[in-house]
Amino acid sequence: MAFDGVTIANIVSELKKELLGGRLYKIAQPEEDELLLTIRHPSGQKRLLISADASLPLIYLTASNKPSPQTAPNFCMLLRKHLQNGRITDISQPGLERIIRFDIEHLDDMGDLRRKILVAEIMGKHSNIIFCNDDGLIIDSIKHVSAAVSSVREVLPGKPYFIARTQDKLDPLSTDYAHFRAVLASRPQPVFKALYGSFTGISPILAQELCQEAGTDGERPTAALTESDYERLYLSFSEMTAAVREERFTPNIAYTNGSPVEYCALPLTIYGYGGSDCTVTYESISALLEHYYAEKNTLTRIRQKSADLRRIVQTALERNIKKYDLQQRQMKDTEKRETWRVYGELLNAYGYGAQPGAESLEAENFYTGEPVRIPLDPTLSATENAKKYFEKYNKLKRTHEALSELTKEVKEEIDHLESVSAALDIALYEEDLAQIKEELTESGYIRRKSGSRKQKITSKPYHYISSDGFHMYVGKNNYQNDELTFKFASGNDWWFHAKQMPGSHVIVKLGDAQELPDRTFEEAARLAAYYSRGRGQNKVEIDYVQKKHVKKPGGAKPGFVVYYTNFSMAIDSDISAIRPAAE
């Protein structure tokens, strides 16, 4: 899953066709490290997303818009000042570097024509968006990099822009056979590693693909290659570079067992075909990237935004688990209480036989009929020893009764916090987090600010349509679970939940039907498995029952229910074939 130089070449090729000659109509910065450019082009309006996020840098054309902050960040305001209504005159990529350069012409305050350069560097944690003048001096960047952060290159206003050469890699577009062979032969390592370690723009997966096309084992050491091996490798290599030069790209995603595992701008054959293994080809690299990264980008962003909530939940969970473990150990200490009671009763019954100063008394346990040896304090009488045992019994009995209630409360709190943690795992949007935050506030884990009102909730349950046309709803958190089960669902609707683990309530509306088809039962169970802590497991046990059999105990935590009769099935958590409803 590499955003390599060949992928960048495909993007540049696409952007040239779609954006050259277009004018920058809107410039927005929806995230602190992300730009959304709206370009008016003779062929229509386009949107270009550029993200310099360290964990998921991206650049592609998109039809989607994103909300922007009410006050634009300084970098965004600077770009608007210089580039608003500017015309894109050139889009280029130096070599096969993961860099895209936009040349933009605009009119300055005096009406004179000026040229500026916007550079997008898609380089993992070193990704950046840099704004330069036509002399190559940095005007500003979305991320500032000082000498204290990098000894290789400073990215600060007034500094010259240059491409940092941190690795001694060659440009594959200008490499001949002799150079290719000499470079690989000089690297004593597996062939595929030598390929991506020697040439810019080649990812490990593309290196493996080149080896596959050449009929060479990628794990084979370069020292074992024959002359014919080198010739076949170079033939595959030169075909790849020719495809890049001639812009013959085939954006495709490879699937294994129904799940996407890799993408590439050139054909992928290393994953094989047959069954659920296949490749899906896209007309544009932007469509591929938007599809492939949309969910991943959303999850990455929402994890960053939910970090504070996760920390609160995790801290409370750890504290309650420690408390529960301590209470369990204390409960174990009370297990001897019945022994002390029996000793007391036996001493009251047989204590007359105890000799003064004796350290024990042998007696028959009239509950079991077995002999028992009762330890005695030789300084006390049998009656006083019995009283001492009854005191120990009563103390442990009171401790047991108190701990029984406390451990129940703490266990319920642990279950509640684990359900909140599971809700954070499936949250996709900020409104989902708002509802979880409100639940934590009402539970006392977050203090409500003085004068602040309860936040308006706009989050809605997930909505799917089964293959047989039945509506299926999935709660995203405990509040939605309660709402779905006890306010939305009717008595004969079906209710699904993962057995004995945190997860969502799934409701299937029966409508006018008399019963559900087996296929809908299975699809609803898969949803319950997927939206639970069992996601990813081969088999998850799912309980299902009609809603009228599901009850909520008085005073129970949000999302907590009981049911005493149910059906069960074990099923996987693959929901790829289940269709979301069109909202």
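Gln 500 counts as exposed, with a relative accessibility of 77%, and in this predicted model the residue sits in the loop between strand S17 (494-498) and strand S18 (506-508). Although Gln 500 is not a glycine, its phi is positive, at about 55 degrees. Most residues other than glycine have a negative phi.

**Backbone with positive phi**

- Glu 247, which is likewise a residue other than glycine, has a positive phi near 55 degrees, and its place is the loop that runs between helix H6 (227-245) and strand S10 (252-256).
- With a relative accessibility of 36%, Glu 247 counts as partly exposed, whereas Gln 500 counts as exposed at 77%.
- In the turn of the hairpin formed by S8 and S9, Gly 136 has a positive phi of about 85 degrees.

- The buried residues of H8 are Leu 309, Arg 310, Val 313, Ala 316, Leu 317, Asn 320, Tyr 324, Gln 327 and Met 331.
- An α-helix has 3.6 residues a turn, so residues three or four places apart point the same way.
- For helix H13 (residues 518-530), the 13 residues should span 18 Å at 1.5 Å a residue, and the end C-alpha atoms, being 18 Å apart, agree with this.
- Buried positions in H13 are Thr 520, Phe 521, Glu 523, Ala 524, Ala 525, Leu 527, Ala 528, Ala 529 and Tyr 530.

**Packing of H11 and H12**

- The axes of helix H11 (residues 430-442) and helix H12 (residues 478-488) are 8 Å apart, and the two helices pack at an angle of about 95 degrees, which makes H11 roughly perpendicular to H12.
- On the side of H11 the contact is made by Gln 435, Glu 438, Glu 439 and Glu 442, and on the side of H12 by Asn 478, Tyr 479 and Gln 480.
- Sorted by class, the residues in the contact of H11 with H12 are 1 nonpolar, 3 polar and 3 charged.
- H12 also lies across strand S16 (471-474), S17 and S18, and the helix runs at about 140 degrees to S16.

**The open sheet of 7 strands**

- The strands of this open sheet follow the order S20-S19-S17-S18-S16-S15-S21, and their pairing is antiparallel.
- Strand S20 (567-571) and strand S21 (579-580) stand at the edges, where each has a single partner strand, so one side of each is left without a neighbour in the sheet.

- Strand S2 (residues 34-41) is largely enclosed by the rest of the structure, because 7 of its 8 residues are buried.
- Strand S1 (residues 23-31) runs antiparallel to S2 and is joined to it by 6 bridges; Ala 28 has Leu 36 in S2 as its bridge partner, and a hairpin of 2 residues links S1 to S2.
- Strand S3 (residues 44-51) is joined to S2 by 8 bridges, again in the antiparallel sense; Glu 34 stands opposite Ser 51 in S3, and the hairpin from S2 to S3 likewise passes through 2 residues.

**Strands S8 and S9**

- Strand S8 (residues 128-133) and strand S9 (residues 138-141) are paired over 3 bridges in the antiparallel sense, with Phe 131 standing opposite Asp 140 in S9.
- The hairpin that S8 and S9 form has 4 residues between the strands.

**A contact across the sequence**

- Ile 312 belongs to helix H8 and, at 28% relative accessibility, counts as partly exposed.
- Once its neighbours within four places in sequence are left aside, Ile 312 is in contact with Tyr 445 and Ile 446.
- Ile 312 and Ile 446 lie 134 residues apart in sequence, while their C-alpha atoms are 8.1 Å apart in space.

Methods:
Residues numbered from 1 in each chain as written. Predicted model: local features only at pLDDT ≥ 70, side-chain atom pairs only at ≥ 80, totals over all residues. Heavy atoms only, no water. Buried < 20%, exposed > 50% of the residue type's maximum accessible area, 1.4 Å probe, protein only. Axes fitted to C-alpha atoms, helices over the stretch in contact; angles between N-to-C directions. Parallel < 35°, antiparallel > 145°, perpendicular 65-115°, else oblique. Contact = heavy atoms within 4.5 Å. Nonpolar A, V, L, I, M, F, W, Y, C, P; charged D, E, K, R; others polar. Pairing = 2+ DSSP bridges. Expected span 1.5 Å × (residues − 1).
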